[in-house]
Every structure is written in structure tokens, then in C-alpha cells.
Amino acid sequence: MSDQYSEVTQVARDYYNSEDADNFYYLVWGGEDLHIGIYQTPDESIADASQRTMDHMVRHVTPASEHRILDLGGGYGGSARYLARHFQCPVVVLNLSEKENERGREANKAQGLDHLVEIVDGDFQNVPYEDESFDVVWSQDAILHSDDRDKVIAEAARVLKPGGDLIFTDPMMKDDCPTEVIQPILDRIHLATLGSPKFYREAAARHGLTEMGFEDLTNHLPTHYGRVREETQKADQSGILEGKVSREYIDRMIQGLGHWVDGGNNGYLTWGIFHFRKKK
């Protein structure tokens, strides 16, 4: 294990660097966006719903072309490319999976955005940039993988310029949710806890961030994981995953997605768009 990463971060890094995970997210999730979608209908495509999430999030920020955006845990860089096209400003992706980052850099070139989008190998608990380097810090469903989420928020606040915006989504446990009822989810993602709205509010306040709003979109969480489960089963039955994703991985993924669906439907989980602003 590298001394550069904590044990939990290294587990996440190894997972997303694995052939199984890389091929699964690339083939089933489309290799562009790896976040929860906002659905108009229960059977809408994952890609369209994921695009809608970014459309909702981007309403909370108004950067100009001279601004810089940092995407924490940006996966294949799809959100960064969306932001670069939308604002015509430079975007940095900090992501720990070298496999995802290689695919992301290839997509940047293919889409003519490599002059605006930079993808950096690294960990959002130790952001390799100076204080007050960015106008916006953005993250989608990535902070849950940290074993020190307070440090992630502290790092986001540190690199934000005064008056800058932190906008993120994260699958969370509800404030009053007993940890034991979501244990199957925690076991699946090798974590001891999930964040909660109360935790993020308190962490943000500790690090000089003011809450500007929270758009509660919890109902889309079980819909999304249900759709991913359906697409996984279709891909499995059609043979698309054969020779690319192991039988064990597919079976565990289908079971794990079911835990997320159950957690959402049982009222244990919450999800939405948080917007915080750094004090001037």
C-alpha cells in the first residue's frame, strides 16, 4: 500500500483501478458520468438523468471564463467537460483512479477540450494546490468514499477563494438514521459510516463556509440505483460484459445496488445538492 493514501482511500483506489470496475462503469454507466441522476420517468436513460443533475447543479454557480473550477473525485471527467463547455473556463479534475484518468484524458482530446480540462492523479483529502486557488469546488457522489470527510471539506474551503462556491452531491444517511440499518451498504463499499446533512453543515461551518441552500432530491436515489441494476442485468443477459467483467463482480454489484434501493425506499438515506460559499 502506498504511504500517500489512507487505508480506506487505497481500498477505493484499488477498486476503481480494477479491470472489473473500470469495464463495468465504462460499459454500463457509459464512461462519462458516474453520479446519481435526476429522473423525469422511472425508465429514463441513466445518461439523460445524469445530465439533468449537472443542469440542476450548475444553476447554483455563475463562474466567468477567467475563473477556475476544481472537481473532486471526478471519475472519467464527464462533469468537468460539461463545466468547461458551459463556462469556457479551465477545470481541474482531482481523481484517484489512474485507469479512469487515462480514459478521461482520451475523452478530453476526442472532444477537443484538453486545453481546458486537466486531469490530475490525487486524493481529495490532500489537494495539491495552494490556498485560494479556485473560484468553484465541485463534487458529485465522491466524498462518501473518504474516511475523513471533515478533511475533504477543510481542503475544499482552503483552496476556495473568498466568496467562492462549494457545490456537491453525496449519498448520505439521514440525520437520525441508526448506522446498523445501513450496514449492508457500508459493508459493500468498505466504510464505517456515511455522511449526513447535519455532518456536512457542521463541517462546512467549522471551515468558514456558509450554507446557501440544499436541494433535497432524495426520491431520485432509489430510482437511480434501480435503473443501474436493471441496466446491469440487461448487459449481463446480452453478453456485453462477458470476458470483461467477472461473474463474481456482476453478482455482487446487483446485490449491492439492491441494498441502495432498499435503503432509499426505507427512508434511511438522503441525497441532494448542497451549496456552500466561503466567507469574504
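Let's begin with helix α3 (residues 46-58), which lies across β4 (134-140), β5, β7 and β9 and runs at about 145° to β4. The angles here run from 0 to 180 degrees between N-to-C directions, with axes as lines fitted to C-alpha atoms, for helices over the stretch in contact. Helices (H or I, at least four residues) and strands (E, at least two) are DSSP runs, numbered from the N terminus. Helix α8 (residues 197-206) also packs on the sheet, where α8 touches β5, β7 and β9; contact means heavy atoms within 4.5 Å. The direction of α8 makes about 10° with that of β9.

Before going further, please keep in mind that this is a predicted model, in which local features need pLDDT of at least 70 and side-chain atom pairs count only at pLDDT 80 or more, while totals for chains, interfaces and linings use all residues. Residues are numbered from 1 along each chain as its sequence is written, and side-chain values use heavy atoms, leaving out hydrogens and water.

Now for the sheet itself. It is open, has 7 strands in the order β3-β2-β1-β4-β5-β9-β7, and shows mixed pairing; two strands pair if DSSP finds at least two bridges between them. At the edges you will find β3 (117-121) and β7 (209-216), each of which pairs on one side only. Neighbouring strands are turned by 15° against each other on average, direction ignored.

Follow β5 next. Strand β5 (residues 160-169) runs antiparallel to strand β9 (residues 272-278), and 5 bridges join the two. Within this pairing, Asp165 has Arg277 in β9 as its bridge partner. These two residues also form a salt bridge, with the closest N and O atoms 2.8 Å apart; a salt bridge is a side-chain nitrogen of Lys or Arg within 4 Å of a carboxyl oxygen of Asp or Glu. Arg277 and Asp165 are 112 residues apart in the chain. Asp165 is buried, with a relative accessible area of 8%, and Arg277 counts as partly exposed at 30%. The words have set limits: buried means under 20% relative accessible area, exposed over 50%, and partly exposed in between (1.4 Å probe, protein chains only).

Lys161 is partly exposed at 30% relative accessibility, whereas Asp135 is buried at 12%.

Next comes helix α6 (residues 149-159), which is largely enclosed by the rest of the structure because 8 of its 11 residues are buried. Among the buried residues are Arg149, Val152, Ile153 and Glu155. Their cover includes β1 (69-72), β4, β5, α8, β7 and β9.

Arg247 is partly exposed at 44% relative accessibility, as is Asp236 at 23%. Salt bridges that share partners also join Arg227, Glu230, Glu231 and Lys234 into one network.

We finish with Tyr26, a residue of helix α2 (residues 19-27). Tyr26 is partly exposed, with a relative accessible area of 38%.
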